[in-house]
Amino acid sequence: MNSFLAIIGRELRIGFADLHRVVTPISFFAVVLVLMPLGLGPSPQLLAKVAPGLVWVVALLAILISADRLFGDDMKEGSLPQLMTLSLALPWVVLAKMLAWWLMAMVPLAVIAPILGMMLGLSTEAAVITFLTLLIGGLGLCLVGGISAALTLSTGAGGALVALIALPLYVPILIFGSAAVEAASLGLAVKPYVLILLAFDFLAVPLAPVAAAAALRIAIDD
Amino acid sequence: MDWTWFHRWGSPPWFVKNVTPWLKWLLLLAGLMLVVGSCWGLLIAPEEAKQGNSARIIYIHVPAAFISLAGYYTMAIAGAIGLIWRMKIAFWVMRSVAPIGAAMTAIALITGAIWGKPTWGTYWVWDARITSMTILLFLYLGVIALINAYRDVDNGYRAGAILGLVGTINIPIIYKSVDWWYTLHQPATLKLTEDSPIHPDILYPLLWMIASFYLLFAALMLANTCRHILLSESNKRWVRQWYEEGK
């Protein structure tokens with residue numbers, strides 16, 4: 001447990017030492033959402049209608065931007081093999097890295113998303129649900145994105161391949177996440193969607209690190 | 001239990017030598033069944049009462065959709081066998097199924113669009129089943145792209161197998177989407193346990209076509225597996241011997 005926390009601490013120290021790692025996904029998220037009224041037209045009715053889906057889709061893309069740094073930096077500087085020889089089993093190491101990624105990329109994004117959502121015309125309740133679902137669903141995004149990052153690590157194919165692999169797997173999270181925000185803006189019950197997102201997390205927390213660890217072993221071989 | 005049969009199937013030379021002799025007969029049989037089924041469905045089976053002749057596209061659409069899902073299962077299971085028992089044959093099967101499954105998914109989508117225009121009045125709607133089938137196509141493309149992105153083929157196969165297994169979480173969603181979200185696509189009408197609401201005159205040629213598509217799938221899969229084996233073992237002595245014997 002101590003080394004698990006130590007890895008999370010290490011990731012956070014590296015992440016905040018190199019601040020643009022934290023700022024880039026959020027800036028990307030904000031700038032793409034700002035482009036939307038320019039592309040779709042500034043009609044408040046239209047923007048309020050598409051806001052739940054927009055916020056979620058752009059969040060998926062924003063999180064993928066930082067996905068290849070998750071293992072890429074450790075691979076480049078050679079600390080990945082070191083992490084693999086720890087007494088802590090590799091899936092635990094991977095889970096720690098994914099959790100740290102969630103804390104650094106997804107939590108700040110979930111914090112600014114309601115503000116941008118309200119600028120697009122979401123109601124206060126819908127904005128609160130945006131924060132909540134991005135927090136809960138975002139964990140799933142980081143876990144699944146971590147598998148994709150590990151699978152593509154040694155290919156050198158970069159972001160496009162990560163996106164092609166991860167985005168189809170993001171479909172269930174996108175459906176229930178945006179449906180929750182949509183329901184909140186219509187004043188309907190939100191709880192079922194939030195529970196399904198939580199269920200996805202409970203499924204992904206034990207399984208995704210195992211898959212990502214297996215993928216990392218392949219990447220080290222390659 | 002005697003497990004030697006299992007190990008024999010894991011040997012590339014044994015596989016190629018024992019599959020290729022009857023492969024052309026299997027392809028021929030699948031082709032014949034497809035011709036017979038097409039004639040039965042297009043010429044003999046009665047016209048659908050409300051949709052007229054356009055409904056005859058189901059004889060292609062439904063079997064292709066069956067194979068697109070069965071292909072994904074085959075790919076994922078073959079990948080799992082390859083990862084667990086380190087059988088190279090399983091990886092070649094996985095690799096050879098992927099493009100076939102992708103093609104069948106594309107056929108199901110295209111025939112559905114062609115049928116949708118006269119019946120629903122539109123080529124495309126963002127209905128649950130159609131959208132999830134499109135996602136299935138991207139799952140296939142992702143697996144193929146990932147395998148090809150690796151410099152080392154064996155590592156590519158292992159990575160592809162992991163992605164295939166992770167992707168199976170989407171398959172039940174695709175499979176049940178027509179029952180869970182009743183949008184435009186009709187719910188499943190072919191059921192194992194109950195009588196189908198389809199009239200036997202249409203049902204029997206449809207089942208015949210599904211059987212033919214499965215046979216075609218099996219034949220293409222075996223042919224493509226042999227192709228991949230021969231490509232990657234092309235510098236081995238047994239391939240040369242096999243080739244000389246064949247001449």
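Is V55(A) buried or exposed, going by its C-beta neighbours inside 10 Å? V55(A) counts as buried because it has 27 C-beta neighbours inside 10 Å. The cut-offs here: buried takes 20 or more other C-beta atoms within 10 Å of the residue's own, exposed takes 12 or fewer, and anything in between is partly exposed, with C-beta atoms placed from the backbone.

Before you click further, some ground rules: this is a predicted model, where local features need pLDDT of at least 70, side-chain atom pairs count only at pLDDT 80 or more, and totals for chains, interfaces and linings use all residues. Residues are numbered from 1 along each chain as its sequence is written, while chains are lettered from A and ligands numbered from 1 in the order in which they are written.

**Stop 1: around V55(A)**

Select helix α3 (residues 44-65) of chain A, and you will find V55(A) in it. Helices (H or I, at least four residues) and strands (E, at least two) are DSSP runs, numbered from the N terminus. Now show the contacts of V55(A), where two residues are in contact if their C-beta atoms, placed from the backbone, lie within 7 Å. Not counting residues up to four places away in sequence, V55(A) touches L33(A), A113(A), L116(A), G117(A), T130(A) and V181(A).

**Stop 2: all of chain A**

Zoom out to chain A, which has 10 helices and 0 strands. Its radius of gyration is 18 Å, close to the 17 Å that the globule rule gives for 222 residues, so chain A is as compact as a globular protein of that length. That radius is taken over C-alpha atoms, and the rule is 2.2 Å times the number of residues to the power 0.38. Draw a box along the principal axes and the C-alpha atoms of chain A fill roughly 55 × 35 × 30 Å. Of the 222 residues, 47% count as buried. Among the contacts in chain A with a separation of 6 or more, 79% are between residues 24 or more positions apart.

**Stop 3: where the chains touch**

Next, select the contact between the chains: 20 residues come from chain B and 18 residues from chain A. On the side of chain B that touches chain A, α5 (128-149), α6 (153-167) and α7 (170-180) each supply at least two residues. Which of the helices gives the most to that side? α5(B) does, with 8 residues. Colour that side of chain B by residue type and you get 13 nonpolar, 4 polar and 3 charged. In that scheme Ala, Val, Leu, Ile, Met, Phe, Trp, Tyr, Cys and Pro are nonpolar, Asp, Glu, Lys and Arg are charged, and the others, Gly among them, are polar. As for scores, the model has ipTM 0.88 and pTM 0.88.

**Stop 4: all of chain B**

Chain B shows 9 helices and 0 strands, and buried residues make up 36% of its 247 residues. Switch to pLDDT colouring (the predictor's confidence in each residue, from 0 to 100): chain B averages 86, and 89% of the residues score at least 70.

**Stop 5**

Pick V62(B), which is found in helix α3 of chain B. V62(B) is buried, with 20 other C-beta atoms within 10 Å. Leaving aside its neighbours within four places in sequence, V62(B) is in contact with L206(B) and I210(B). By contrast, V62(B) and E233(B) are 37 Å apart in space, C-alpha to C-alpha.

Follow the chain to R86(B), in the loop between α3 (58-85) and α4 of chain B. R86(B) has a positive phi of about 50° although it is not a glycine. Most residues other than glycine have a negative phi. With 12 C-beta neighbours inside 10 Å, R86(B) counts as exposed.

Finish on helix α4 (residues 88-120) of chain B. Its 33 residues should span 48 Å at 1.5 Å a residue, and its end C-alpha atoms are 46 Å apart, which agrees; the expected span is 1.5 Å times one less than the number of residues. Centre on V97(B), where α4(B) bends by about 25°, with a proline, P99(B), following within four residues. The bend is the angle between axes fitted to the seven residues ending there and the seven starting there. After α4(B) comes G121(B), whose phi is positive, near 85°.
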